[in-house]
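Subject: Structure for you to look at

Hello,

Here is the structure I said I would pass on. My notes on what was found in it come after it.

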Amino acid sequence: LEQQRPRVMVELGTYGGRSAIVFARVGHQWGGVVYCVDTWYGVPKPGRRARIPLRIFECATNIVAAHIGSHIRLIPATTLHAARAWPVDQLIDFLYVDADHSYEGVLGDLTSWVPHVRSGGLIAGDDYGHPKFPGVKRAWDVFDQPEGVPLQRVGTPQTQPPGMQLVYGYKP
């Protein structure tokens, strides 16, 4: 992040806000803002009445306690709805994909959000290689081919379970 100095950062899947806080702490130095997209109640089920996203209160509390709230915007929506509503004239400098960990969810997030990323923008995600979420690895690997985004995979030390990786690349 310090090399790229992104001003518009989007995190898909925020939950408690820990990674958003890290991104904002680094990015605030050059006026960066993190837009956090999450439902804060998990994956909505068709035909079910919407619940109150109580987890958003935990996230907001963590952000306020970290004293970085002026550089974070919470967007309570599904990632696909938010992608459709994202302003076409606001290009993203850094996209972090960490929402729905299914194959369909990750691939859907990549295909709907990467068009909003500027040329040369950074695209990243975690849990690559997590045995509990095989769809994450599969989706990034499938996306790597047709989109022509050369991806790097970097081991993340001290993870549980061991062997998980961070995946990232730059949009051509």
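Histidine 116 is buried, because its relative accessible area is 14% and buried means under 20% (exposed is over 50% and partly exposed in between, with a 1.4 Å probe and protein chains only). Its place is the loop between α4 (103–113) and β5 (117–128); helices (H or I, at least four residues) and strands (E, at least two) are DSSP runs, numbered from the N terminus. The side chain of histidine 116 reaches the backbone oxygen of alanine 83 at 3.0 Å. That is a polar contact, a pair of N or O atoms within 3.5 Å; within protein, one must be able to donate a hydrogen and the other to accept it, and residues adjacent in sequence count only if both atoms are side-chain atoms. Not counting residues up to four places away in sequence, histidine 116 touches Ala83, Trp86, Gln90, Leu91 and Ile92, where contact means heavy atoms within 4.5 Å.

Before you read on: this is a predicted model, in which local features need pLDDT of at least 70 and side-chain atom pairs count only at pLDDT 80 or more, while totals for chains, interfaces and linings use all residues. Residues are numbered from 1 along each chain as its sequence is written, and side-chain values use heavy atoms, with hydrogens and water left out.

α4 is mostly covered, with eight of its eleven residues buried. Tryptophan 113 lies in α4 and is buried, with a relative accessible area of 0%. The side chain of tryptophan 113 reaches the backbone oxygen of threonine 79 at 2.9 Å. Residues up to four places away aside, tryptophan 113 touches Val10, Leu12, Val37, Thr79, Ala82, Ala83, Trp86, Ile92 and Leu95. Tyr103, in α4, is also buried, and arginine 138 lies over the face of tyrosine 103, at 3.7 Å from the ring centre. A charge sits over a ring if NZ of Lys or CZ of Arg is within 6 Å of the ring centre and within 35 degrees of the ring normal.

Which residues have the most contacts inside the largest nonpolar core? They are Val10, Ile92, Leu95, Leu110, Trp113, Ile123 and Trp140, in a core of 28 residues. β1 (8–12), β2 (33–38), α3 (79–85), β4 (92–97), α4, β5 and α5 (134–147) each supply at least two residues of this core. α4 gives the most, with five residues. Another core, of 18 residues, lies apart from it and includes Met9, Val34, Leu122 and Ala124. A nonpolar core here is a set of buried Ala, Val, Leu, Ile, Met, Phe, Trp, Tyr and Cys residues joined through side-chain atoms within 4.5 Å.

On aromatic rings, a search of the whole structure finds six pairs. Rings of Phe, Tyr and Trp (its six-membered ring) pair if their centres lie within 6.5 Å; planes under 30 degrees apart count as stacked, over 60 as edge-to-face and the rest as tilted. Phenylalanine 23 and phenylalanine 94 have ring centres 5.1 Å apart and planes at 90°, so this pair is edge-to-face. It links distant parts of the chain, since phenylalanine 23 is in helix α1 (residues 18–27) and phenylalanine 94 in strand β4, 71 residues apart. Both are buried, and Phe23, Phe94 and Tyr96 form one aromatic cluster.

Tyrosine 35 and tryptophan 86 are also edge-to-face, because their ring centres are 5.3 Å apart and their planes at 90°. Tyrosine 35 lies in β2 and tryptophan 86 in the loop between α3 and β4, so the pair ties together parts 51 residues apart in sequence. Tyrosine 35 is buried at 18% relative accessible area, and tryptophan 86 is buried at 7%.

Last, α2 (55–65), which is among the elements that cover the buried residues of α1. In α2, Ile56, Cys59 and Ile63 are buried. Seen down the helix axis, the buried residues of α2 fall within an arc of 60°, so they line one face; the arc is that of the directions from the helix axis to the C-beta atoms. These buried residues pack against α1 and β3. The face of α2 turned away from its buried side carries the exposed residues Phe57, Thr61, Val64 and Ala65.

Regards
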